[in-house]
Amino acid sequence: MAFEFAFAVATRVVLAISPLGSSLRDDNQLSSPLTSYSRLQEGIYLFRHGVDPYSGGTVRHSPLSLSLFTTIISTSRIPPTLLWTFLDAVGAWALVNIWRSRSNIQKSERDMRVAAIYLINPFIFLPCLALSTSTLETTLQLLVLMFASRGQSSPALLTLAILAHLSLPAILLLPPVVLLLLSDPLSHLASPRPFSQKLRKCIPLFVEFTVFFVALAFASTLMAGSWGWMRNTWGAGFLLPDLTPNPGLWWYFTTEMFDHFRPFFLMVFSLHLVTYVAPLCIKFQHDPLYACFLLLGVLGTFKPYPTLSDPGLFLSLISLFPETYPHLCYPIVTALLHLHAFLLLPLFHHLWIGTGTGNANFFYASTLVFGLANGGALLDCIWAGLRIAIGEGKEGWAVTQE
């Protein structure tokens, strides 16, 4: 396994240093206004020269990101390339460890397959070449699940606090992560049962996360010198000030609606994400890791500023649940939809922005296909997770949903 893993990582480094990496850096499907490497470089430049990076409307990375990458990123492309490749390798390592925790084994022949699915996934691979900070967020999400699967509450909650600080929608993962910390990562989809722990045990974990989160917020305020960074970073997900096209579903609605309807629809879109948390946690209380997996699929489909790495993480996590494969209804259809959208997104974006022979409707049509693919995969996984509890079908009987 070590040789194959090293070969995959080395191939990543070579491609990232090549001209391909530079050509992908500002691609709107791989980097959003909140994860763009070019905007990160601008924020670092202003930060180093004593200028408030949040006085304008360009920099939307958190002060923690700016202070961290200030000491790492240089004018050369090689150091950040090595760092992003290392982050992706850590993500693959964390995914393998989650698989081992769920299977309750130390090592298996499937480890390399799980890592390969993650490393070769183009939705994960290409943002890494573009040096999008979504790679860091993806790795942190996997580390949260790894620590929670091992029952390590403080590392899991601290990592989740850092992740929520960088990408606020990730805070919705807190309830299923707490359930996972109080239970186990083993598969219980075939034998659902009520959550056995008392809910009052959740309170110390929520308090611990709150302490971590507030401490990071105060540290960021000290670094930035004011509270203004919150509007440019966390507020961007609620106010949607930057309407740069992306693979998500929010930007086109906001450009087309009248200004006096904007606050109402932004509130609806934001609350829409929250409405999934309780139903998924309640329905899959017997398997919190699967609830985390489904919630990541929801975020990858409906978050304000998604990149390809968000649904890419959801698709990579499917490798953790082989017991659901026989119960997936339309895996070929959803796979072809993802392939179709993967080809349409850059094509229609080029027709609109590059040649000027198309318009915004072209690109948004491709994002709708992408949203349909992600939603179809999410619904299929929900169905498979519920269907497995019924057991094998009997001749003459059919399973239907009322």
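This tour moves through the nonpolar cores and the aromatic side chains of a predicted model. Residues are numbered from 1 along each chain as its sequence is written, and side-chain values use heavy atoms, with hydrogens and water left out. Because the model is predicted, local features need pLDDT of at least 70 and side-chain atom pairs count only at pLDDT 80 or more, whereas totals for chains, interfaces and linings use all residues.

Select Trp-84, Phe-293 and Leu-317 to begin, the residues with the most contacts inside the largest nonpolar core, which has 89 residues; such a core is a set of buried Ala, Val, Leu, Ile, Met, Phe, Trp, Tyr and Cys residues joined through side-chain atoms within 4.5 Å, where buried means under 20% relative accessible area, exposed over 50% and partly exposed in between, with a 1.4 Å probe and protein chains only. Apart from this core lies another, of 21 residues, including Leu-308 and Tyr-364.

Tyr-290 and Phe-293 make a tilted pair, since their ring centres are 5.3 Å apart and their planes stand at 55 degrees. Tyr-290 is buried at 1% relative accessibility, as is Phe-293 at 2%.

Now select Phe-348 and Phe-362, an edge-to-face pair with 5.6 Å centre to centre and 70 degrees between the planes. Phe-348 counts as buried at 18% relative accessibility, while Phe-362, at 32%, is partly exposed.

Terms used. Phe/Tyr/Trp six-rings, centres within 6.5 Å; stacked < 30°, edge-to-face > 60°.
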